[in-house]
Amino acid sequence: MSCAIHATGLRYDYPSGQPALRGVDLHVEHGERVALLGPNGAGKTTLMLHLNGLLNGSGELEVAGLCVGEGPLHDLRTRVGLVFQDPDDQLFMPTVAEDVAFGPLNMGLGRSEVKRRVADALVAVGMEGRADRPPHALSMGERRRVAIATVLAMRPALLVLDEPSASLDPRARRELLDILEAVERTMLVTTHDLPLAAELCERAVILAAGRIVVDGPAEDVLADVEALAAYDLELPAGFDLARLERRPRPVALARVEATTAEGSTA
Amino acid sequence: MGGVSHGSLELTGLAGDRDSRLHRLDPRAKLVGLLLVTLVAVSATPDRWPVYAACAAVLVAFAAAARVPARELWRRARIVLPLVLLAAVFVPFLRRGGETYAVGPLTVHEAGLLTLAGVAAKAGIGTLSAVLLGATTSFPAVLRGLEALRVPRLFVLVAAFMYRYLFVIVEEVSRMRAALAARGYRPRHALHAQPLGRMATALFLRTYARGERVYLAMLARGYRGSVPELSPLVFGRADAAFVALVAVALLPLRALAEVAL
């Protein structure tokens, strides 16, 4: 199964008639990690909602081998894991375990398989001790990690994260980064946290006023101070890209296909 | 989060010995058993004191077995009880019969006082049943029990979302209040209430927007109109025994009260 995103001329207008996406061309290949940067109001969240069929614009969009807008959305939603910006929006069930089980149960998996996936997903984000807690009893960093577990349990081919490091303290941010670095998935990450983008992703694109305006290796995109400034972006003062070490990928991406294929047929 | 007090929300949640037999019962058994106690008390005519005494005895035994301290029960009951009793306090002035007593310019009737006592007993038993259910059963477990008892799914979902987002909304309200106080807002009379109205509007709009985002998040994980369950409840021998015990302790007395007393 393909884990790629192919958007060509994707357009979307808000119900008010104001254009949000004005012809987005974005191609993300299998196994890539791409940072989606851009000022507020550029259309980042709108684009992410398209990847899961939650919004439906015009133009061509193929995600994980499925053409969005044709056929049932259910397959698409099991292949694309969307992590929302506010974990309080993502975690709506009374307990952590029930919330992580929500997606796999909707996929129609058997209970024993669901329980195994819940346990695996909570271990993957280091939250195995919190299964029976209500979400409101967790810290912001813990809620964010559980929110990621809720989509990991669905074993998606593609992980899409909206501002994963927003309102985290430095320690929770570091823990989150460690978790994301260990996840073997094609990843699209929206963020204003440029050091996070540099550390996690090898490619960065800038979305401004509904179009992809810059696309290239993360080191090059983030080193171009003038281009960043033109789109209201800026690295923290004193941040040195050259000294940044990106950790090697944990596991060969070949395994992704094996697990996702198993997930979608179960 | 940190530093935000939830006030009366802290009074919810489990209390007593969390590993007691009663805490471990199936939520359906506790729902049915405690509802039975309440129904027996509420359905009796106001002067059937032996029935009330038996209901109270069952509840006291329940509290003792679950090791819920009396002070904790009182702390929780006193929030609900005044509201429940509010309607009954006028009865002694309105219901005529028996001896009369003068209270200032008003007259109190004996029949009214007896009715008030009966209603207070019913209210107390009903409240105590609910408090005991809350002290021995987590809210998610109560919801699952209700769903398993075929309560319409829509009601259960509404209650589930209320429980989940009550805390989020309380946090939002306390942040908004802090923001008002930080700019010197100190209401002294009714005309100063306008900012509170604006706050309520803002809160409504924010909550509405959150509702839409939550729905998107549900759709994103394959929601198709029903919330499936992870581990079904098991109604075992102990659960059946508990319901039978409550029924045997109260139903014969309640039936007897109709004919003999």
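**Helix packing, strand pairing and chain contacts**

Helix 4 (residues 96-106) of chain A packs against helix 6 of chain A at an angle of about 35°, the two axes being 7 Å apart. The model described here is predicted. The crossing in which helix 4 of chain A passes helix 6 of chain A is right-handed. On the side of helix 4 of chain A, the residues involved are Val96(A), Asp99(A), Val100(A), Phe102(A) and Gly103(A), and they meet Val146(A), Ala149(A), Thr150(A) and Val151(A) of helix 6 of chain A. By class, this contact of helix 4 with helix 6 of chain A comprises six nonpolar, two polar and one charged residues.

Helix 6 (residues 140-152) of chain A also packs against helix 7 (residues 170-182) of chain A; the axes of this pair come within 9 Å and cross at roughly 15°. Angles under 35 degrees count as roughly parallel, and helix 6 and helix 7 of chain A are therefore roughly parallel to each other. Helix 6 of chain A passes helix 7 of chain A in a right-handed crossing. Helix 6 of chain A contributes Met140(A), Gly141(A), Arg144(A), Arg145(A) and Ile148(A) to the contact, while Ala172(A), Glu175(A), Leu176(A) and Ile179(A) come from helix 7 of chain A. Five nonpolar, one polar and three charged residues make up this contact of helix 6 with helix 7 of chain A.

Helix 6 of chain A further lies across strand 6 and strand 7 of chain A, and runs at about 165° to strand 6 of chain A. These strands belong to an open sheet of six strands in chain A, with the order 6-7-8-3-9-10 and mixed pairing. Strand 6 (80-83) and strand 10 (211-217) of chain A are the edge strands, each pairing on one side only. Direction ignored, neighbouring strands of the sheet are turned by 15° against each other on average. Strand 6 of chain A pairs with strand 7 (residues 158-162) of chain A in the parallel sense over four bridges, and Gly81(A) stands opposite Leu159(A) in strand 7 of chain A.

Antiparallel pairing is found between strand 1 (residues 5-13) and strand 4 (residues 58-63) of chain A, over five bridges. In strand 4 of chain A, Leu61(A) is the bridge partner of Ala7(A). Strand 4 of chain A also pairs with strand 5 (residues 66-67) of chain A, in the antiparallel sense over two bridges; here the bridge partner of Val63(A) is Leu66(A) in strand 5 of chain A. The hairpin of strand 4 and strand 5 of chain A has two residues between the strands, and Ala64(A) takes a positive phi near 50° in this hairpin.

The contact between the chains takes 29 residues from chain A and 25 residues from chain B. On the side of chain A that touches chain B, at least two residues each are supplied by helix 2 (74-79), helix 3 (87-90), helix 4, helix 5 (111-124) and helix 6 of chain A. Helix 4 of chain A gives the largest share of this side, seven residues. By class, the side of chain A that touches chain B has 14 nonpolar, 10 polar and five charged residues.

Chain B is divided into domain 1 (13-151 + 232-261) and domain 2 (152-229), with C-alpha centres 32 Å apart. Six residues of domain 1 of chain B are in contact with eight residues of domain 2 of chain B. The side of domain 1 of chain B that touches domain 2 of chain B consists of five nonpolar, no polar and one charged residues.

Key:
Residues are numbered from 1 along each chain as its sequence is written. Chains are lettered from A and ligands numbered from 1 in the order in which they are written. This is a predicted model: local features need pLDDT of at least 70, side-chain atom pairs count only at pLDDT 80 or more; totals for chains, interfaces and linings use all residues. Domain bounds come from an automatic or database domain assignment. Two residues are in contact if their C-beta atoms, placed from the backbone, lie within 7 Å. Ala, Val, Leu, Ile, Met, Phe, Trp, Tyr, Cys and Pro count as nonpolar, Asp, Glu, Lys and Arg as charged, and the others, Gly among them, as polar. Axes are lines fitted to C-alpha atoms, for helices over the stretch in contact, and angles run from 0 to 180 degrees between N-to-C directions. Angles under 35 degrees count as roughly parallel, over 145 as roughly antiparallel, 65 to 115 as roughly perpendicular and the rest as oblique. A crossing is left-handed if the near helix is turned anticlockwise from the far one by less than a right angle, and right-handed if clockwise. Two strands pair if DSSP finds at least two bridges between them.
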